[in-house]
Amino acid sequence: MGRWSLRAKLLVGQLVVLALVCVVIGIGSGIAVSHAQLSQLDTQLRGASLRAGGPAGGGGPGGQQPPPYGHPEALCGSAASQPADGNGPAAQFPVGQPIGTLTVLIGYGVVEQASVLSDSGSGSSHSACQKPLSAEDITLLRTITPAQGTVSMDLPDGGDYRLLASVPKTGLVVITGISERDSDSTLWTLGWALGVVALIGLAAAGLLGWIIVRRTLRPLRRVADTAAKVTALPLDRGDVGLSVRVPDLDTDPSTEVGQVGAALNRMLGHVAGALAARQASETRARQFVADASHELRTPLAAIRGYAELTHRSRDVIPPELAHAMRRVESESARMTTLVDDLLLLARLDSGRPLDLREVDLSRLIVDVVSDAHIAGPGHVWRLELPEEPISIIGDGARLHQVLANLVTNARTHTPAGATVTTALANGPGEQVTVTVTDDGPGIPAEVLPDIFERFARGDTSRSRAAGSTGLGLAIVSAVVTAHAGTVEVTSRPGLTQFTVRLPQVSASAPSEQLTSQRAHSEGTQPT
């Protein structure tokens, strides 16, 4: 039941309790009825025993009452009756005994009569006859003594009987019995009736309980819906207007659900305040980076200009000074690249719109791989393109930067002779897939989860020697995300693959998709 809903647990618990109550009522009723019937049966048995102790076949006291069943002188289904021990005529039943009464007469240890009064089936009101008892039943009955009082016994051929032994005169033992068949039938009927009523009651209680539980837990469902709406919000980035709250109807502190709703509203208020503070801090940081990057570009350009000016001087420059100026020029160029990358990331973070238009991605990949072939002649460059050109909606300059960063990353972190394969394909769905695969040493496992974070490097010293700023893959992730695409990486020794998926332009309605994509990048709804 650990995985069951609260509604199911409450409903099942209610039905289990009701079922236990029904079982207790049924058992108690059965015991009470059984005791009542047994008491009534004992009263009938004592009366039958008194009648059996009178004159055999007589008419009651003084011989005034006629026998209600006549004189059953014949055995059932036989023309002439025989006594139980085969000597003399069969004795008649006492007057007033009901059909089904068992009578056994034992005189001085000899069974004189052992039969049950039965209906002959002739249809007459006086159609009684004697049905002899089997030898097995007689053997069990002879074990009963007057000192035992009333006892119950299951006869092999006769069924359940309530029995009483008496001694009306010296040397004679009379055993009288009344069948418990009717009593058992009544108990079974009562049991079935209680079972049917209990099942109908449980079904009705289950339906009514389901309605009640559903209505009772409806406020909790609304609280859960509010929490679900909050989880669907992109709380990890951007300016989040956390205005979702639990309705006032479900924040009554006098109820358990109201306490949960009020606590959730207080928590959402704290979260909204924290998100607002985070957004303000991020905005200030982005603005600072953007402003600093913009301001640094001018002095860096001046530094590079003066460094290049020394090459044009007609005066002889000492070798030490020439080397120093070359280093100044190199580092200023690297710093300029870093500033440009930081400025680009700041603009993407602030949601600056992209210059969206239709871009021939096939041509773009050919240009990037051609440039990489010139920059890295020691590598093996492979290109896999479909037969037909593929176009998408995007910012051509930024997509070129994405592809260039991926290819440069493969060239930088693989040894000479490594193979780098760039592939373009359609699918899955309305997407295009670009993959850049190399057979180099792979990315360390501890770096792989943070590979798209800013300033993440697998090998710091190598990256710096190669002129890397640690922002290349962060720019790839930011630009692809701005294009409503995804980027992922898989790596192991001998195989590293970056996969970029971008929305594909629809040939039937390129203008509509262009509008939708531009609205996505600007964070607005298309009109």
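Predicted model: local features only at pLDDT ≥ 70, side-chain atom pairs only at ≥ 80, totals over all residues.
## The chain as a whole

The protein chain has 527 residues, and 33% of them are buried. Its secondary structure amounts to 11 helices and 13 strands. If you look at contacts between residues at least 6 apart in sequence, 62% of these link residues at least 24 apart.

## Helices α1 and α3

Find helix α1, residues 6–52, and then helix α3, residues 181–216. Their axes come within 9 Å and cross at roughly 160°. That angle is over 145 degrees, so α1 runs roughly antiparallel to α3. The crossing of α1 past α3 is right-handed. What kinds of residues make up this contact? They divide into 15 nonpolar, 10 polar and 2 charged.

## Helices α8 and α10

The second pair to look at is helix α8 (residues 396–412) with helix α10 (residues 472–482). Here the axes come within 9 Å and cross at roughly 145°, and α8 passes α10 in a left-handed crossing.

On the α8 side, the contact is made by R398, Q401, V402, N405, L406 and N409. On the α10 side, you will find G472, L473, I475, V476, V479 and V480. By type, the residues of this contact are 7 nonpolar, 4 polar and 1 charged.

## The nonpolar cores

L406, one of the α8 residues in that contact, also has a place in the largest nonpolar core. This core holds 43 residues, and L361 and L406 are the members that touch the most others. Setting aside neighbours within four places in sequence, L406 is in contact with V436, L473, V476, F498 and V500. Of these, L473 and V476 are also on the α10 side of the helix contact.

As a general background, nonpolar side chains in soluble globular proteins tend to be buried together.

## S362 and L385

Now for two residues that touch each other. S362 sits in helix α7, residues 361–375, whereas L385 belongs to the loop between β8 (380–384) and β9 (391–394). Is each of them buried or partly exposed? S362 has a relative accessible area of 10%, so it is buried. L385 has 33% relative accessibility and therefore counts as partly exposed.

Beyond residues up to four places away in sequence, S362 touches L385, E388, P389, I390 and L424. For L385, leaving out neighbours within four places, the contacts are S362, I365, V366 and L424.

S362 and S391 are 29 residues apart in sequence, and their C-alpha atoms are 7.4 Å apart. L385 and T422 are 37 residues apart along the chain, with 8.5 Å between their C-alpha atoms.

## T421 in strand β10

Finally, have a look at T421, which is part of strand β10, residues 419–426. Its relative accessibility is 16%, under the 20% limit, so T421 counts as buried. Which residues does T421 touch, not counting those up to four places away in sequence? They are R382, E384, T435, V436 and T437. One of them, V436, is also in contact with L406.

Note on methods:
Residues numbered from 1 in each chain as written. Heavy atoms only, no water. Axes fitted to C-alpha atoms, helices over the stretch in contact; angles between N-to-C directions. Helix = DSSP H or I, 4+ residues; strand = E, 2+ residues; numbered from the N terminus. Parallel < 35°, antiparallel > 145°, perpendicular 65-115°, else oblique. Left-handed = near helix turned anticlockwise from the far one by under 90°. Nonpolar A, V, L, I, M, F, W, Y, C, P; charged D, E, K, R; others polar. Core = buried A, V, L, I, M, F, W, Y, C linked by side-chain atoms within 4.5 Å. Buried < 20%, exposed > 50% of the residue type's maximum accessible area, 1.4 Å probe, protein only. Contact = heavy atoms within 4.5 Å.
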